[in-house]
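Biologist: I would like to learn how to read strand pairing in a model. Please take me through it.

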Amino acid sequence: MINGTKTGKRLLGAAALLCAAAFLAGSAALGEEGDGGGAADSRPLSPQASVDYTVKKDMEGTAESEQLLDTDRLVCENDRLALYVDEEEFIVKVLDKQGDYLWSSGAAANEAQSMTGTWRRFSRAFLTMDYFNATGASLRSSARYSRETAGLVYTEDGLAATLRFQEPDASVRVYITLTDEGFTVRVPDDEMVFNKEDNRLARLYVMPFLGSAYADSIPGYFFIPDGCGALMRFEEPKTYNSSTLLRVYGADASVQAPAAYRDGLAPTPVKNLLFPVYGAVHGYNQNGFLGTITGGETYAGFEISPAGVKIDFHWMSPVFIYREQYRQSTGSSEGFDVVQQTPNAVNAEVTYTLLSGEDASYAGMANAYREQLAAQGALPGRQEALEHIPLYVQAFMADQAASLFGTSTRVFTTLEDAADWAARLREAGIPNLLLSLHGFEKGGYSGGDAGSYALEGRVGSEKELEALYNTLNVPGSGLLLSKEFSRAYEGQYRRSGFLYAINRVFTSTPDTGNLFSSRYYLDAPTVSRLVDSYAGLPAYKRNAALPGIGGALYSNFKEGREMTRAEMLAATQENLRALREASGLVALEAPSQYALAFADVVYNVDMQHSRYIFETDAVPFAQMVTGGHIRSFAPWLNLGAGGNNAVLRLIDYNVYPAYLLTEASSDEFVNCHTNTVYSSRFDDYLGEIREVYAQVDAVLAQVSGAAAVGRSCPEDGVSVVRYDNGRTVLVNYNGYAVQAEGVTVPAGKAVCIASAG
């Protein structure tokens with residue numbers, strides 16, 4: 001356990017930072033036409049600003065399946081599944097024969113009776129849309145089914161039908177196909193018709209009540225791909241103001257400007273959805289599904305509504321975004337709202353994988369998704385097992401600082417210092433080290449040219465850099481240069497390479513630094529040029545740690561260089577592929593799914609969700625998906641909080657320790673751009689690093705190269721993680737010893753044992 005006055009001060013500092021922001025500008029559930037609801041009437045479900053390492057006991061109980069009705073017609077079936085449709089209301093149902101469980105696209109008729117007409121239609125509709133009318137107001141309409149106009153067609157493996165929307169006078173053709181493991185829903189863009197040009201499609205909800213639950217009537221939960229992963233258990237209704245829409249790969253800052261700072265405080269941080277998936281579980285180890293957005297993921301999200309938001313149902317829906325409303329500046333602080341004229345090319349598609357037995361859990365979802373990605377080549381191959389885990393250290397070398405006459409470069413760590421660290425860490429019993437040099441370039445982190453790899457003279461020489469590379473160029477270790485390819489501060493690159501937002505300003509995000517208030521995003525051709533120049537570097541400069549790129553997607557609206565968000569994804573993958581081919585080792589910072597194939601290492605990974613108040617559990621879904629294929633490293637432990645429980649969570653999630661360190665003390669950062677590094681001196685942390693590493697390595701070295709295939713929590717504060725190499729890791733967060741898997745696990749400890757059976 002990590003104790004002491006120094007740690008206590010760091011905990012207080014981190015807590016102050018976390019509690020600085022209290023509100024999140026979020027998405028509100030809009031009312032259907034005539035419902036009286038709307039964004040102005042509701043507030044978002046704000047995330048909680050707290051550090052929480054709570055592990056809750058697994059839910060208990062079984063779920064009773066719905067029954068087929070006389071109006072349900074069998075469309076097709078295979079060995080495991082059967083597809084039905086209620087031809088009266090177009091309620092689609094899939095029977096999982098393996099679990100003898102029926103999944104329905106709509107709420108049961110008896111449960112829907114308790115709702116108003118608007119919500120009853122929403123809960124039973126296969127599709128619902130939000131649309132903008134002639135005045136720019138956002139309204140909601142649920143699809144209605146008519147046999148006479150549906151053009152219902154049955155095929156060998158599914159069906160197709162046209163659904164109509166009365167209020168906007170529109171129709172949509174939908175295709176449903178049964179697969180060996182589930183089913184697919186597809187909504188082509190070119191089969192959407194609006195008969196009134198003034199009505200424009202904004203969002204489309206696909207089967208919003210699939211997997212829904214009335215209050216706590218079903219033991220189960222929704223899985224949310226928020227941060228590392230989150231659950232929303234089906235509990236008794238609470239008082240909430242609105243549902244919340246979370247975007248896959250984060251919001252498009254070229255359309256929706258990020259929240260501004262207020263009184264010097266950053267907005268409450270919200271994590272990106274790194275994966276285009278969601279899921280539901282009904283009953284403990286009983287039945288579940290994984291929903292994967294397989295078409296239109298760059299314009300998709302998930303709307304999450306816990307019981308208590310206008311109705312007492314938990315529901316979660318894939319949402320596809322065709323148009324957004326944005327703020328057009330008038331050249332001053334004023335502006336006006338504008339509806340996006342050209343719709344996004346979406347072609348929505350969701351593929352559902354049904355799960356039963358022990359696979360019906362978030363761990364089963366992670367296994368299924370990992371297999372899908374591996375089959376698509378979207379994950380690198382399996383890792384070699386290491387005798388000892390690696391430690392990741394980011395050495396902060398230099399940055400810009402305010403001076404009497406503008407700015408100057410201040411050096412915090414030299415190459416000589418870094419070489420000394422490597423030797424001292426080996427002496428401390430840490431044989432494997434990934435050392436990333438941050439701010440090594442001339443001008444330092446915020447002052448160096450975007451495409452330059454020239455060393456800051458006071459950091460060290462090329463010979464020293466090559467010697468350090470040779471020292472670390474052994475299996476399990478490596479020297480990386482940290483370089484930003486997708487973003488730049490003012491002066492780091494010419495403005496002609498900046499992205500343009502839809503409202504004709506540069507695309508930027510607020511920055512916490514002392515000297516620069518914004519960071520600008522570079523367009524794809526600019527990034528490509530930087531990548532091309534990278535390939536010509538000597539070998540000792542071509543292990544790359546890449547912050548930013550692969551973590552978010554932004555459109556470009558610059559005339560002559562327009563690029564959609566989907567095109568940006570493809571261009572980013574091409575740039576990452578070129579970097580991968582030119583590099584010996586690639587480390588990506590918290591990348592989204594589309595970038596995983598190009599990573600050897602991921603760092604600064606999410607260890608928590610966004611802490612929305614409806615998120616009942618944090619789970620290691622992201623780590624389970626990448627486990628065995630990519631080594632994961634934690635956020636900087638010296639800049640976080642949590643004490644011993646934070647270390648236990650590393651073991652629980654199979655994530656390795658990481659530190660951001662300097663040779664200089666933190667008072668050197670006072671006038672620098674990066675002035676939030678409040679404690680980083682290597683000498684202050686060597687003892688803690690030795691202790692943390694020994695604790696984590698003793699357990700995780702035994703599952704090196706393995707993938708976690710199961711996780712359960714038999715009681716509060718206890719997790720049991722099973723790996724595919726025949727080992728099981730037991731973690732006890734409690735202040736007392738516990739029994740698990742026939743083994744006594746001491747208080748605040750973790751152990752690794754041979755798996756039972």
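Modeller: Start with terms. Two strands pair if DSSP finds at least two bridges between them. Helices (H or I, at least four residues) and strands (E, at least two) are DSSP runs, numbered from the N terminus. This is a predicted model, where local features need pLDDT of at least 70, side-chain atom pairs count only at pLDDT 80 or more, and totals for chains, interfaces and linings use all residues. Residues are numbered from 1 along each chain as its sequence is written, and side-chain values use heavy atoms, without hydrogens and water.

Biologist: Which residue in strand 35 stands opposite alanine 230?

Modeller: Alanine 618 does. Strand 15 and strand 35 (residues 617-618) run antiparallel, joined by two bridges.

Biologist: How many bridges pair strand 14 with strand 15?

Modeller: Four, again in the antiparallel sense. Strand 14 covers residues 220-224. Alanine 230 is the bridge partner of isoleucine 224. Five residues lie between the strands of this hairpin, and glycine 227 has a positive phi near 65°.

Biologist: Which way do the side chains of strand 15 point?

Modeller: In a regular strand, side chains alternate between the two faces of the sheet. In strand 15 (residues 230-233), Ala230 and Met232 point one way, Leu231 and Arg233 the other. All are buried, meaning under 20% relative accessible area with a 1.4 Å probe, protein chains only.

Biologist: What share of the chain is buried?

Modeller: Buried residues are 60% of the 757. The chain holds 13 helices and 43 strands. Its C-alpha trace spans about 80 × 70 × 45 Å along the principal axes.

Definitions and conventions:
Buried means under 20% relative accessible area, exposed over 50%, partly exposed in between (1.4 Å probe, protein chains only).
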